Amino acid sequence: MDAYQQVANKLQELGITFDVVEHPPVFTTEQADSYIEGMEGVRTKSMFLTNRKKTQYYLLIMGDKKRLDMDDFKVQVGADRIRMASLDSLAEKMTLSAGTVSPFGLLNNEEKDILVYFDKDIVSEDIMTFHPNTNEKTIFIKSKDLFRFLESIGFTYKFLTLR
């Protein structure tokens with residue numbers, strides 16, 4: 001089963017409706033925006049982070065226009081020496097490749113050892129957009145349905161106020 005179909009099947013199993021737009025492979029939110037321009041939904045970026053010893057992993061979801069203040073994030077999650085996780089860690093923990101990071105990759109994290117954080121600035125939005133484990137599609141999902149999806153696969157999440 002391909003990566004997108006796994007996501008679609010799980011959402012359908014939960015009775016969650018969503019829209020999807022197919023497009024050529026994209027590697028930045030700016031590139032994706034050119035294919036979904038004018039459609040309703042907050043544009044997100046998902047970052048897969050780890051501590052220096054690779055003993056803790058984090059998935060941070062925030063608006064695509066905001067820059068991450070890593071020092072602020074470290075203080076809020078109570079950790080130090082956090083950085084972007086390697087491509088090897090991304091493949092190992094979520095079976096994803098560069099440019100496809102999203103909450104849907106958590107379907108592949110059997111250990112349930114990734115901490116999930118959302119920037120408070122986006123959680124009040126009705127619809128969020130993500131790559132559904134492929135950078136050849138963009139999925140539009142109601143925020144409340146995304147949270148229900150996460151809970152259904154055994155993940156909790158926290159909200160942060162990022163600068």
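Thr50 has its place in strand 2, which covers residues 42-51; helices (H or I, at least four residues) and strands (E, at least two) are DSSP runs, numbered from the N terminus. This is a predicted model, in which local features need pLDDT of at least 70 and side-chain atom pairs count only at pLDDT 80 or more, while totals for chains, interfaces and linings use all residues. Residues are numbered from 1 along each chain as its sequence is written, and side-chain values use heavy atoms, with hydrogens and water left out.

**Surroundings of Thr50**

- With a relative accessibility of 1%, Thr50 counts as buried, where buried means under 20% relative accessible area, exposed means over 50%, and partly exposed lies in between (1.4 Å probe, protein chains only).
- The side chain of Thr50 reaches the backbone oxygen of Gln56 at 2.9 Å.
- Leaving aside neighbours within four places in sequence, Thr50 is in contact (heavy atoms within 4.5 Å) with residues including Gln56, Tyr58, Arg81 and Met84.

**Salt bridges**

- The count comes to 12 salt bridges, each being a side-chain nitrogen of Lys or Arg within 4 Å of a carboxyl oxygen of Asp or Glu.
- Asp33 and Arg43 meet through their side chains at 3.1 Å, N to O, and this pair links distant parts of the chain, with Asp33 in helix 2 (residues 29-36) and Arg43 in strand 2, 10 residues apart; both Asp33 and Arg43 are buried.
- Lys66 and Asp119 form a salt bridge at 2.8 Å, N to O; Lys66 lies in the loop between strand 3 and helix 3 (70-77) and Asp119 in strand 5 (residues 114-119), so the pair ties together parts that are 53 residues apart in sequence.
- Lys66 is buried at a relative accessible area of 17%, and Asp119 is buried at 1%.
- Asp113 and Lys93 meet in a salt bridge at 2.4 Å, N to O; Asp113 is in the loop between helix 4 (87-94) and strand 5, whereas Lys93 is in helix 4.
- Asp113 counts as partly exposed at 26% relative accessibility, while Lys93 counts as buried at 9%.

**Positive phi in loops**

- Lys54, a residue other than glycine, has a positive phi near 60 degrees; Lys54 is found in the loop between strand 2 and strand 3 (57-63) and is partly exposed, with a relative accessible area of 39%.
- Asn133, also not a glycine, has a positive phi of about 65 degrees; Asn133 sits in the loop between strand 6 (127-130) and strand 7 (137-142) and is buried at 6%.

Key: A polar contact is a pair of N or O atoms within 3.5 Å; within protein, one must be able to donate a hydrogen and the other to accept it, and residues adjacent in sequence count only if both atoms are side-chain atoms.
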